[in-house]
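Please read it alongside the sequence and the model shown here.

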Amino acid sequence: MAGVRALGVLSRLTLRRYSVTTGSTFRTFSVAPAMLARTHVNYEVKGDVAVVRINDPNSKVNTLSIQMQKEMAEVMNEVWANNDVQSAVLISSKPGSFIAGADINMIQACKSAEEVTNLSQEGQKMFELMEKSPKPIVAAINGSCLGGGLEFAIACQYRIATKSKKTVLGTPEVMLGLLPGAGGTQRLPKMVGLPSAFDMMLTGRNIRADKAKKMGLVDQLVAPLGPGLKSPEERTIDYLEEVAIDCARGIVNKKISLRKDKGMMQKLQDYVMSFEVVRNKIYNTVHGKVMKQSKGLYPAPLKIIECVKTGVEQGPTSGYLAESQNFGQLARTSESAALIGLYHGQVACKKNRFGTPQKEVKTLAILGAGLMGAGIAQVTVDKGVHTILKDTTEPGLARGEQQVYKGLNDKTKKKSITSFERDSILSNLSGKLDYSGFDKADMVIEAVFEDINIKHAVLKEVEAVVPPHCIFASNTSALPIKDIAAASKRPDKVVGMHYFSPVDKMQLLEIITTDQTSNDTTASAVAMGLKQGKVIIVVGDGPGFYTTRCLAPMLAEAVRIFQEGADPKKLDALTTSFGFPVGAATLIDEVGIDVAAHVAEDLGKAFGSRFGGGNVEVLKTMVDLGFKGTGGHIEGLRLKYSWVLLIYVDVYSKNILICFCYSQGRKSGKGCYMYQPGLKSKEVNPDIDDILQKYKMTPNPAVSSDSDIQYRLVTRFVNEAVLCLQEGILNNPLEGDIGAVFGLGFPPCLGGPFRFVDSFGADKLVEKMRHFEAVYGNHFTPCQLLLDHAKDSSKKFHK
């Protein structure tokens, strides 16, 4: 829901049409015609307090649509004009949603930066009127208060929030390549200070109500109520409204002061921040960290810093102008279009286009309690699904159960759940060394060794004990599902469910169907993935499916670049500067060099010379010498991002392939680099020099510039993605983009391989590939679909 919540009140609030002045037209209070016409915003007067209620009838969440804003302006006009009303309360009637932001489509409908700038300025004017309201307005927050919703709330004079888990506040505009455009960059620093404001706006992270209170973002907290004559949600909203009304009256009666008494630490911070040298140090530090993480590929964070600095140093007039102009510019950038495209893709991939399955999965059995199996259990038990975790040995089962417990206990330490909730969730998990309980299983997911014979054996064992309706899903990442299903008595119930490690952090789930997989089986697999909180792509069967197949030729090219003399650090620098969150050399280590070698061989057999590149013997020799990489160290890399990390890196690009295949056993800690426990830095493994010297290739200067190397890697990835669409492995370009970004770390600023082709130009891409093809042959031969788009510039993967 990042997009729905992300944009702020930036829609068409033309003040000429929706005047909020108290003219004579509004002096007679009448509710009949207006109230009957309103569908999104209504109000009632309780004594001397106007209770303004928001409820979008067409959405699960409240968004600041044109209609809602029109009605809000009408209501506030009447409230301001009514002499019997002394104050107002703004509250949502919708459980779990205060205001989640604005409709992105309104921004995308604009034809120029100037038009978007006007929207921003109209929103700023509207919120300025709210901020300067002669009658105090209390924002009663229950549920998501994000983007424009938060900008609306901080323009009110007082804020109350429930301590519900669903109540979160934040400014996620940066996730869409935008910035808070209705005054957020100017009000937040004044309210919570520069460091906290930068943290919120540059990361887009959600702030829980209790932390918001400590930050000064919220003035008062209200505990949610339990069940009674009404549901807990209804009772909580009623109680929140009562408290908010009392607060509104208290403000009018001077019993509640809007002037906050600052503590000693706050006064000290204000004193320190009064020095220009200190503020400049903060600006420079934040700018430096943004550049380090983003490589300058994302303009939004830099514009946020610029807007904040302008407002603090030059005053609010200049600050608001900078905010609106920068918002207009950002909305027309290719980076914003790419990130908004990813948002739309996320929304689409969180829906089940295969319909409702005939039977809900209430009991899920998992074969194999290793890293993957335990990870799948971890994201299942907390969704209320009875989960059976089976392993062949007691130590293996104990490790798996401990992994699930640790994941839940970490949430307890972070106070996301209570210890009682942790233990209650764990009661859904049953550890087994045999097949007892499988007779009640609705679905079985195997996460055993990547060996076709082992998979056939467990498939036959499972089918002998499960009920007829039970679905068998394989967590393979490379073996064709049809080959696994060949051993099944009911191939229509066999499907692939390719999770990415670590399962509790990686959002993508790649579901693979064969010609025999029934629609209901697919629907059940998607339903389970959605319940587990996954972003899902459904692809056709074939070697490597989609994700592994796209990555393999790129890694093959990386090996060739090594052989041509580039060292790992240079290769990493070139790939990260293009937008990949992890360098190609580091990625080879994280995948596991033994795994990379195995996959290169297998896919080479399946696809022939087209999948060639570097000599696979380079990888095999490294494995023979004990250089197997880290096989999962990347999670440590992900933790390096500091408090001004970019949301693109932390959210989109954290979905980097860690174990895209079946890497087993303890890795050596050596690969392209040397890894030592506890050390963040890594040095190039000097022992690989002899290997690379043995397989050295002479580089062709015509295709060996830094730019050439970048495009050699990217074009092989993109061409394979387009070929997957051409061959029907992919259902549509949108899922291809989501799979590439969320599964493989394709640069989010480019929006995925298909959006990259649209923006870069298929003709230019083909021209580059022909240049490389002249040197390297069919490794760079463009597929037919890419050629079709190159010949006709009107053809686009995304309309």
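In this predicted model, strand β5 (residues 137-141) and strand β7 (residues 158-162) run parallel to each other and are joined by four bridges; strands are DSSP runs (E, at least two residues) numbered from the N terminus, and two of them pair if DSSP finds at least two bridges between them. Within this pairing, the bridge partner of A140 is I160 in β7.

Both strands belong to an open sheet of six strands, ordered β1-β2-β3-β5-β7-β10, in which the pairing is mixed. At its edges lie β1 (41-46) and β10 (220-222), each of which pairs on one side only. From one strand to the next the twist averages 20°, where axes are lines fitted to C-alpha atoms and angles run from 0 to 180 degrees between N-to-C directions.

A disulfide is a covalent bond between the sulfur atoms of two cysteines, taken here as a pair of cysteine sulfur atoms within 2.5 Å. The structure holds zero disulfides.

| Cysteine | Nearest cysteine sulfur | Relative accessibility |
|---|---|---|
| C110 | C307, 17 Å | 1% |
| C247 | C156, 13 Å | 4% |

Residues are numbered from 1 along each chain as its sequence is written, and side-chain values use heavy atoms, leaving out hydrogens and water. Local features need pLDDT of at least 70 and side-chain atom pairs count only at pLDDT 80 or more, whereas totals for chains, interfaces and linings use all residues.

How values were computed: Buried means under 20% relative accessible area, exposed over 50%, partly exposed in between (1.4 Å probe, protein chains only).
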